[in-house]
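Dear colleague,

Please find the structure below, handed over for your use.

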Amino acid sequence: VLQNTDDYEYEYVTAGEVAEKLKDGDYYAAFTLTDADGKLAAKIESYDPLPLNDQQSFQGMLSQVGQIYAMSQLDLSPEQQQLLLSSEPIITLNSINEAAADGKSADEKMAGVFISYAIGIIIYIFVATYLSIITTDVASEKGSRALEMLLVSVKPEIHFRSKIVGVFLVALTQFIILFGGLLLLLRFSDGGNKWSIVTNLLDSMSFGYFLYVMGFLFLTIFMYLIIGALFGSLVSKVEEAGQVMMPAMMLTLVGFYVMLTGMGNPDTMLIKVFSYIPFTSGMVMPMRLGATDISAIEPIISFGLLLGTVLALYFLSLSFYKRSVLTYSSGGIIEKMKTVFKVTT
């Protein structure tokens, strides 16, 4: 089974040579094969934690080796047949680089892939829904001249904040109702048998991971609400809302499709790059967190960039909102922005 291929070359060595060769980079990984009560025990060693694809590939090959090893000692008696059926090797993963973070198992990484996929869908649906709501709401008030009456007694910055916070709280309420109801359904339907789906996911992921996921989720939604309120102030009527929303929707689509590419291999450079871009990191960084072995500083950097972008967008949008909310113009987004600066400066 362990034959040389275009990707890997195998070499049989004594156990004492492994650690130094791995540290020097001469070997990518090492398999230590021993007998464990008639079964094959295989330890996979590497200097740094292995990517998910390589973990799965190596474990699949060693499973075949374990079956052949069991068959080689059988005369096919009933007891031996039972041994053959249970000949899955005992595989442990070990990274000898003490500075590296503890490597995740393949099951933990697959759980991270599925959770990040769910988060990506949630962000896309919520952004598409509430970006449209806040943009059309502001555009409707502006097109009907209701804003002119409102701003007589309310400052533009108060109106801007109230729109964002109000729609965000609606989104948060819907999130709690939908997923709270889903958890209750899984907990009490079918005698609680389906609750194991939730417990298995919780066992596979750490509490810190879920905090990061929730942080990226709500910050991303909040960021796009800021953009939606700003875009709504640029248009003169509701019919133009779809035109100004298109750039923001394209950004969410880019993040969503990049996240989908990571389901096959979450260790690619594309995933790494887009996990730091604030407009897409909410979808992509949770996948890297759950499905790859990354250092603790990388998600902190990505989260900091996202938080900084949200704050910068808020203050820039607030300043621009004061100018644009009572400015009426036609044309594309660029022409509308030029008009706002021309009229108000």
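This is a predicted model: local features need pLDDT of at least 70, side-chain atom pairs count only at pLDDT 80 or more; totals for chains, interfaces and linings use all residues.

Helices H9 and H11 pack with their axes 8 Å apart, at an angle of about 15°. Angles under 35 degrees count as roughly parallel, and H9 is therefore roughly parallel to H11. Their crossing is right-handed. On the H9 side, the contact is made by Leu251, Thr252, Val254, Gly255, Phe256, Val258 and Met259, and on the H11 side by Phe279, Thr280, Met283, Val284 and Met287. By class, nine of the residues in the contact of H9 with H11 are nonpolar and three are polar, with no charged residue.

Phe274 belongs to the surroundings of this pair through its contacts. The residue sits in helix H10. Leaving aside residues up to four places away in sequence, Phe274 touches Val254, Val258, Thr280, Ser281 and Val284. Phe274 and Val254 are 20 residues apart in sequence, and their C-alpha atoms are 9.4 Å apart. Is Phe274 buried or exposed? Its relative accessible area is 19%, so Phe274 counts as buried, the cut-off for that class being under 20%.

The loop between H9 and H10 holds Gly264. Gly264 has a relative accessibility of 51% and therefore counts as exposed, since that class begins over 50%. From C-alpha to C-alpha, Gly264 is 8.2 Å from Asn53, although the two are 211 residues apart in sequence.

The next helix to describe is H8. The axes of H8 and H11 come within 9 Å and cross at roughly 170°. Angles over 145 degrees count as roughly antiparallel, so H8 and H11 are roughly antiparallel to each other. H8 contributes Tyr209, Tyr212, Val213, Phe216, Thr220, Met223, Tyr224 and Ile227 to the contact, while H11 contributes Pro278, Phe279, Ser281, Gly282, Met285, Pro286, Leu289 and Gly290. The contact of H8 with H11 has 12 nonpolar and four polar residues, and no charged ones.

H8 also packs against H6. Helix H6 spans residues 156-188 and helix H8 residues 207-234; their axes are 10 Å apart, and the angle between them is about 140°. H6 and H8 are therefore oblique to each other. H6 passes H8 in a right-handed crossing. The residues in contact are Phe160, Ile164, Val167, Phe168, Leu172 and Phe175 from H6, together with Met214, Leu217, Phe218, Ile221, Phe222, Leu225, Ile226, Ala229 and Leu230 from H8. The contact of H6 with H8 consists of 15 nonpolar residues, with no polar and no charged ones.

Several of these residues return in the largest nonpolar core. Which residues of this core touch the most other members? Of its 60 residues, they are Phe126, Phe160, Ile164, Met223, Leu225, Ile226 and Ile227. Two or more residues each come from helix H4 (106-143), H6, H8, helix H9 (241-261), helix H10 (269-274), helix H11 (278-291) and helix H12 (297-324). H8 gives the largest share of this core, 15 residues. Another core lies apart from it and has nine residues, including Leu2, Leu40, Ala42 and Phe58.

Two residues deserve a separate entry. Phe160 touches Ile226, Ala229, Leu230, Tyr314, Ser317, Leu318 and Tyr321, not counting residues up to four places away in sequence. Ser132 has its place in helix H4. With a relative accessible area of 25%, Ser132 is partly exposed, because that class lies between 20% and 50%. Ser132 and Gly228 are 96 residues apart in sequence, and their C-alpha atoms lie 7.3 Å from each other.

Finally, I give the totals for the chain. The protein chain has 13 helices and three strands. Of its 345 residues, 40% are buried. Among contacts in the chain with a separation of 6 or more, 73% are between residues 24 or more positions apart.

With kind regards

Notes. Residues are numbered from 1 along each chain as its sequence is written. Side-chain values use heavy atoms; hydrogens and water are left out. Axes are lines fitted to C-alpha atoms, for helices over the stretch in contact, and angles run from 0 to 180 degrees between N-to-C directions. Helices (H or I, at least four residues) and strands (E, at least two) are DSSP runs, numbered from the N terminus. Angles under 35 degrees count as roughly parallel, over 145 as roughly antiparallel, 65 to 115 as roughly perpendicular and the rest as oblique. A crossing is left-handed if the near helix is turned anticlockwise from the far one by less than a right angle, and right-handed if clockwise. Contact means heavy atoms within 4.5 Å. Ala, Val, Leu, Ile, Met, Phe, Trp, Tyr, Cys and Pro count as nonpolar, Asp, Glu, Lys and Arg as charged, and the others, Gly among them, as polar. A nonpolar core is a set of buried Ala, Val, Leu, Ile, Met, Phe, Trp, Tyr and Cys residues joined through side-chain atoms within 4.5 Å. Buried means under 20% relative accessible area, exposed over 50%, partly exposed in between (1.4 Å probe, protein chains only).
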